[in-house]
Amino acid sequence: MAKKTGRPAWFKMFLHQKALIDSAQDETAGKALKAVFQYFDTGEVVELDQAAFIVFSAIKPYIDESYSDYQRSVETGRTGGNKRWGNEE
């Protein structure tokens, strides 16, 4: 059984984002991807140069969406569990 982390374990990346990442210099793309994972892990938006921030900004909405989906899933599971076990409020 997978260990519960209390947060989403993944976020979406789409093929259409590849063109933007490919258009950035390798160093810029690397900084942006590190910033993406920092944001996913801690919620902190690190300071980036303009090009890296553009790449970061193309991915950030999908991280936010993964957190929203996770919260919705937790609430739905809690509601279903309460109904099943007669703990409705």
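**Notes on charged pairs and aromatic rings**

1. Let me start with Lys-60, which is partly exposed because its relative accessible area is 25%. Please keep in mind that this is a predicted model. The side chain of Lys-60 meets that of Asp-64 in a salt bridge, at 2.8 Å from N to O. Both residues belong to helix α3 and sit four residues apart, about one turn of the helix. Asp-64 is also partly exposed, at 28% relative accessibility.

2. How many salt bridges does the structure hold? There are six. One of them joins Arg-72 and Asp-69, with 2.5 Å between N and O. These two are three residues apart in helix α3, so about one helical turn separates them. Arg-72 counts as exposed, at 51% relative accessibility, while Asp-69 is partly exposed at 28%.

3. Another salt bridge is formed by Glu-65 and Lys-12, whose closest N and O atoms are 3.4 Å apart. This pair links distant parts of the chain: Glu-65 is in helix α3 (residues 50–84) and Lys-12 is in the segment before α1 (16–23), 53 residues apart. Glu-65 is partly exposed at 29% relative accessibility, and Lys-12 is partly exposed at 28%.

4. Now for the rings. A search of the whole structure finds six aromatic pairs. Phe-11, Phe-37, Phe-40 and Tyr-67 are linked by ring pairs into a cluster. Arg-7 lies over the face of Phe-40, 4.3 Å from the ring centre.

5. Together with Met-13 and Leu-33, Phe-37 makes a nonpolar surface patch of about 280 Å².

Terms used. Residues numbered from 1 in each chain as written. Predicted model: local features only at pLDDT ≥ 70, side-chain atom pairs only at ≥ 80, totals over all residues. Heavy atoms only, no water. Patch = residues over 30% accessible without salt bridge, like charges linked within 9 Å, V, L, I, M, F, W, Y side chains within 5 Å. Areas by Shrake-Rupley, 256 points an atom, 1.4 Å probe, with all protein chains shown as cover. Salt bridge = Lys/Arg side-chain N within 4 Å of Asp/Glu carboxyl O. Phe/Tyr/Trp six-rings, centres within 6.5 Å; stacked < 30°, edge-to-face > 60°. Lys NZ or Arg CZ within 6 Å of the ring centre and 35° of its normal. Buried < 20%, exposed > 50% of the residue type's maximum accessible area, 1.4 Å probe, protein only.
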